[in-house]
Amino acid sequence: MLLQVDDIHSYYDKSHILHGVTLEIKSGEMVCLLGRNGVGKSTTLKSIMGVVTPRSGKVLFKGADVAGKPPFAIARLGMGFVPEERRIFKSLTVNENLQIGIKKGIGSGPQWNLERIYEAFPRLKERYKNKGAHLSGGEQQMLTVARTLMGNPELILIDEPTEGLAPLIVKDVLDMLAHVLESGVSILMVEQNFKAAIKVASRFYVMGKGKIVFEGDKDALHAAEDIRKTYLEV
């Protein structure tokens with residue numbers, strides 16, 4: 001098991017946001033955390049990555065409890081984080097953004113470098129001299145994921161990768177994530193777009209009001225009509 005989140009409770013000041021969240025990811029999986037706005041999905045990722053410190057519970061990454069550790073220490077263990085805001089450096093070129101993300105990997109497998117990134121992301125190779133501010137939304141999302149890969153993570157946490165993108169661009173981003181998964185990097189993705197997520201993820205968790213209310217594969221989620229109506233559909 002690559003990641004085990006066990007009964008974490010997280011707060012913002014006195015506001016109790018996560019109420020005993022438990023989930024797990026095996027090596028080689030893409031798992032999606034679904035739910036409406038404001039139910040705690042992003043806080044779950046931040047609690048795993050150390051941006052938010054859980055007040056109780058465990059976050060086991062490769063068997064070690066990382067709950068309460070600072071984000072840089074968790075990143076050094078082999079975890080990457082792609083925030084919803086993307087946070088690229090808009091005044092820097094694609095190439096310069098990627099170089100900022102360079103970090104030696106933990107594992108013995110092939111390392112991500114500029115050559116490998118440009119082979120995997122030909123769109124970025126075409127735009128390598130362009131500044132981040134001149135990229136489309138989809139290209140910025142690709143750049144953020146690619147910059148995270150330059151740190152050679154074993155697991156990437158991705159927050160709302162398709163939000164605000166046109167349908168054709170959504171397909172490009174999903175294809176990119178499938179390629180990243182095939183390269184050996186596991187993915188925990190937060191999404192609201194059920195139809196997009198079902199195309200790439202193998203297992204699903206659904207959140208409602210800070211709690212996990214469903215866990216299962218594609219078939220189970222398709223069959224859980226009451227869960228979809230209550231927690232996913234508008």
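By the ring-pairing rule used here, the count comes to 1 aromatic pair. Y118 and Y128 form this pair, edge-to-face, at 6.4 Å centre to centre and 70° between the planes. The rule takes rings of Phe, Tyr and Trp (its six-membered ring) with centres within 6.5 Å; planes under 30 degrees apart are stacked, over 60 edge-to-face, and the rest tilted. The pair links distant parts of the chain, 10 residues apart: Y118 is in helix 4 (residues 114-120), and Y128 is in the loop between helix 5 (122-126) and helix 6 (137-149). Helices are DSSP runs (H or I, at least four residues), numbered from the N terminus.

The model is predicted: local features need pLDDT of at least 70, side-chain atom pairs count only at pLDDT 80 or more, and totals for chains, interfaces and linings use all residues. Residues are numbered from 1 along each chain as its sequence is written, and side-chain values use heavy atoms, with hydrogens and water left out.

Y118 is buried at 12% relative accessible area. Y128 is partly exposed at 36%. Buried means under 20% relative accessible area, exposed over 50%, and partly exposed in between (1.4 Å probe, protein chains only).

**Charges over rings**

The charged end of R55 sits over the ring of Y11, 3.9 Å from its centre. R116 lies over the face of W112, at 3.8 Å from the ring centre. Such a placement requires NZ of Lys or CZ of Arg within 6 Å of the ring centre and within 35 degrees of the ring normal.

**Salt bridges**

Side chains of opposite charge can pair when their charged atoms come close. The structure holds 10 salt bridges. Each is a side-chain nitrogen of Lys or Arg within 4 Å of a carboxyl oxygen of Asp or Glu. The table lists some of them.

| Lys or Arg | Asp or Glu | N to O distance |
|---|---|---|
| R123 | E139 | 3.9 Å |
| R123 | D172 | 2.9 Å |
| K229 | E225 | 3.1 Å |

Being 4 residues apart in helix 10 (residues 225-231), K229 and E225 are separated by about one helical turn. E225 is partly exposed, at 42% relative accessibility. Salt bridges that share partners join R123, R127, E139 and D172 into one network.

R123 is partly exposed, with a relative accessible area of 28%. E139 is buried, at 6%. D172 also forms a salt bridge with R123. That pair links helix 7 (residues 167-182), which holds D172, to R123 in helix 5, 49 residues apart. D172 is partly exposed, at 24% relative accessibility.

**Helix 1**

Helix 1 (residues 41-49) is mostly covered, with 7 of its 9 residues buried. The buried residues are K41, T43, T44, L45, S47, I48 and M49. Just after helix 1, G50 takes a positive phi of about 95°.

K41 is found in helix 1. Its relative accessible area is 5%, so K41 is buried. Leaving aside residues up to four places away in sequence, K41 touches L33, L34, G35, R36, E160, V190, E191, Q192 and M207. Contact here means heavy atoms within 4.5 Å.

Note on methods
Helix = DSSP H or I, 4+ residues; strand = E, 2+ residues; numbered from the N terminus.
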